[in-house]
Amino acid sequence: MTRKVTSDVWWKNAVVYCLDVETFLDTDGDGCGDLVGLTERLDYLAGLGVGCVWLMPFMPSRQRDDGYDIVDFYGVDPRLGTHGDLVEMVRTANDRGMRVIADLVVNHTSDHHPWFREARKGAGSRHHEYYVWRDEKPDEKPGDVVFPDQEESNWAFDEEAGRWYLHRFYSHQPDLNVSNPDVRDEIAQIAGYWLEQGISGFRVDAVPFLIEPVGLPDGAIPDPHELLRDVRSFIGRRRGDSVLLGEVNLPPDDQRKFFGDEGGDELQLLFSFTVNQAMYLALAREQAAPLARALEALPPIPADCQWANFVRNHDELTLDKLSDAEREEVFAAFGPDEELQLYGRGLRRRLPPMLEGDQRRIRMVYSLMFSLPGTPVLFYGEEIGMAENLDIEGRYSVRAPMQWSNEPRGGFTESEEPCRPVVEDDRFGFRRVNVAAQRRDPDSMLNWMERLVRRRRECPELGWGDWQLLRPGDEAVFAHRVDWSGQTVVAVHNLADREAQAELELGEDGALVDLFQERSHTLDDGAVTLSLDPYDARWFRLRRPGLRLPP
């Protein structure tokens with residue numbers, strides 16, 4: 001039964017691809033991407049090897065927070081298409097072997113949502129208790145505000161209601177009161193509705209904020225995690241293979257609580273923020289130790305749960321779990337100018353410019369991320385080495401339109417006014433970095449990424465196995481092994497711009513068979529020494545005597 005579970009618990013061996021419909025492909029010439037355009041490019045994603053498409057918010061919104069300020073949880077933004085377009089896209093993705101998950105943004109609504117507009121009428125209104133209100137503004141501690149450059153407080157005064165309301169993010173996004181049973185029922189109904197449209201699960205936005213009882217009376221939420229258990233149970237009843245991927249940027253021991261009890265009855269997937277941040281510190285130092293420590297700090301998790309690993313996502317590269325000194329090291333290495341930094345805790349950059357376009361190093365980083373124990377998550381454009389556009393304000397700089405060709409505006413739109421400006425610089429702009437050119441270049445980043453994704457999906461050990469750090473004897477080398485169902489994968493990465501030696505003690509006979517090149521290394525008394533080039537990246541399978549390996 002060991003191998004049979006790989007299809008049931010599909011998220012442990014999938015490759016997730018995050019995209020914003022608005023910036024992916026425009027087919028009607030209005031400058032905004034649409035669902036028809038995404039459907040047209042599903043074969044591209046299937047060819048890349050994507051197993052799950054994660055859609056950023058596509059519901060109607062005021063567009064004051066890139067769609068995260070929702071005004072209708074049951075709608076489709078008319079700029080992007082219709083409900084019919086969405087269902088057709090999901091059906092086509094399923095036909096190509098891909099599942100689709102959507103952002104579940106239920107920590108807050110837009111202040112233009114009908115619930116809030118009705119709630120403002122006062123305490124007697126039907127939806128007033130859908131939100132968190134106080135007659136007097138509560139005291140706050142320094143550092144409580146999430147976006148200090150945009151907001152001065154987590155509380156805003158509403159003139160019509162004559163009361164203060166809670167907003168952990170922007171003042172135009174009032175927080176929902178999840179202690180209210182009616183709000184919980186609404187959340188379940190929202191999830192159930194989209195499952196009926198064919199969605200396979202959700203990336204749950206801002207999970208710790210969702211369940212925190214801030215601004216509520218003591219005891220209002222006796223067990224905050226009950227909400228997550230209820231949602232998990234509900235979607236499991238509605239669709240047995242559904243998944244919840246949580247945004248939980250907390251220390252590992254606190255993250256563990258969000259998986260639930262031993263059986264894993266809350267979120268199945270959590271982004272591994274501490275591993276991501278430690279990886280950048282390791283890259284800055286060209287030393288493996290920070291990443292090794294971060295992995296060793298991860299607690300054991302339930303069998304059906306998984307960490308989600310990533311190089312970059314749709315927000316700034318947050319470095320808030322590093323010490324002040326460590327954060328300054330990363331800033332100095334990858335974003336020393338203030339315009340590249342955000343909130344004093346992150347970088348608004350994509351990886352290629354951080355690494356000055358060095359293909360050896362860029363590919364080593366993605367190889368490293370894909371080999372870590374967990375589920376790899378890509379952000380659109382990473383497969384071709386897209387850069388940010390610093391002309392776009394704040395964290396949106398990494399959300400420039402997708403670069404399909406060297407045609408005007410990167411083939412994203414025929415409109416002369418795209419929803420966001422495309423990347424046009426000489427080094428990373430669409431004229432040099434685009435899908436069309438790279439598909440025709442066998443040595444391109446795109447073709448290399450396709451091979452990497454294929455190998456990752458052919459190595460279920462990395463998603464299912466028990467991992468162990470190896471001690472290669474060189475501080476620049478990160479090496480680990482993963483064992484599962486009688487098979488072993490060994491990954492070795494040189495983080496430095498110099499040659500290195502990796503002395504691996506595996507404790508058994510056989511040979512290491514390279515998964516990307518035609519070579520192997522025989523073990524001598526259970527050990528082998530590998531010579532590594534600068535920024536080298538190697539994956540191996542351990543061929544034990546008499547063992548048949550996959551091709």
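Trainee: In strand 2, which residue is the bridge partner of Leu19?

Mentor: This is a predicted model, and strand 1 covers residues 16-19. Strand 1 pairs with strand 2 (residues 52-55) in the parallel sense, over four bridges. In strand 2, the bridge partner of Leu19 is Leu55.

Trainee: What is the angle between the planes of Phe259 and Trp307?

Mentor: A pair of aromatic rings is described by the distance of the centres and the angle of the planes. The count of aromatic pairs comes to 28. One of them is formed by Phe259 and Trp307, which are 5.2 Å apart centre to centre in an edge-to-face arrangement, with an angle between the planes of 80 degrees.

Trainee: How many residues apart are Phe259 and Trp307?

Mentor: Both Phe259 and Trp307 are buried. Phe259 lies in the loop between helix 9 (252-256) and strand 9 (269-271), and Trp307 lies in strand 10 (residues 306-310). The pair links distant parts of the chain, with a separation of 48 residues.

Trainee: How are helix 6 and helix 8 oriented relative to each other?

Mentor: The axes of helix 6 (residues 181-196) and helix 8 (residues 226-238) come within 10 Å and cross at roughly 30 degrees. Helix 6 passes helix 8 in a right-handed crossing. Angles under 35 degrees count as roughly parallel. The orientation of helix 6 and helix 8 is therefore roughly parallel.

Trainee: What is the handedness of the crossing of helix 14 and helix 16?

Mentor: Helix 14 (residues 359-371) and helix 16 (residues 445-457) have axes that come within 11 Å and cross at roughly 20 degrees. With that angle, helix 14 and helix 16 are therefore roughly parallel to each other. Their crossing is right-handed.

Trainee: Which strands stand at the edges of the open sheet of six strands, and why is one side of each left without a neighbour?

Mentor: The six strands have the order 15-16-17-22-19-20, with antiparallel pairing. From one strand to the next, the twist averages 25 degrees. Each edge strand has a single partner strand, so one side is left without a neighbour in the sheet; these are strand 15 (466-469) and strand 20 (520-522).

Trainee: Within this sheet, which residue of strand 17 is the bridge partner of Val482?

Mentor: Strand 16 (residues 477-484) and strand 17 (residues 487-494) pair in the antiparallel sense, over eight bridges. In strand 17, the bridge partner of Val482 is Val489.

Key: Residues are numbered from 1 along each chain as its sequence is written. This is a predicted model: local features need pLDDT of at least 70, side-chain atom pairs count only at pLDDT 80 or more; totals for chains, interfaces and linings use all residues. Side-chain values use heavy atoms; hydrogens and water are left out. Rings of Phe, Tyr and Trp (its six-membered ring) pair if their centres lie within 6.5 Å; planes under 30 degrees apart count as stacked, over 60 as edge-to-face and the rest as tilted. Helices (H or I, at least four residues) and strands (E, at least two) are DSSP runs, numbered from the N terminus. Buried means under 20% relative accessible area, exposed over 50%, partly exposed in between (1.4 Å probe, protein chains only). Axes are lines fitted to C-alpha atoms, for helices over the stretch in contact, and angles run from 0 to 180 degrees between N-to-C directions. Angles under 35 degrees count as roughly parallel, over 145 as roughly antiparallel, 65 to 115 as roughly perpendicular and the rest as oblique. A crossing is left-handed if the near helix is turned anticlockwise from the far one by less than a right angle, and right-handed if clockwise. Two strands pair if DSSP finds at least two bridges between them.
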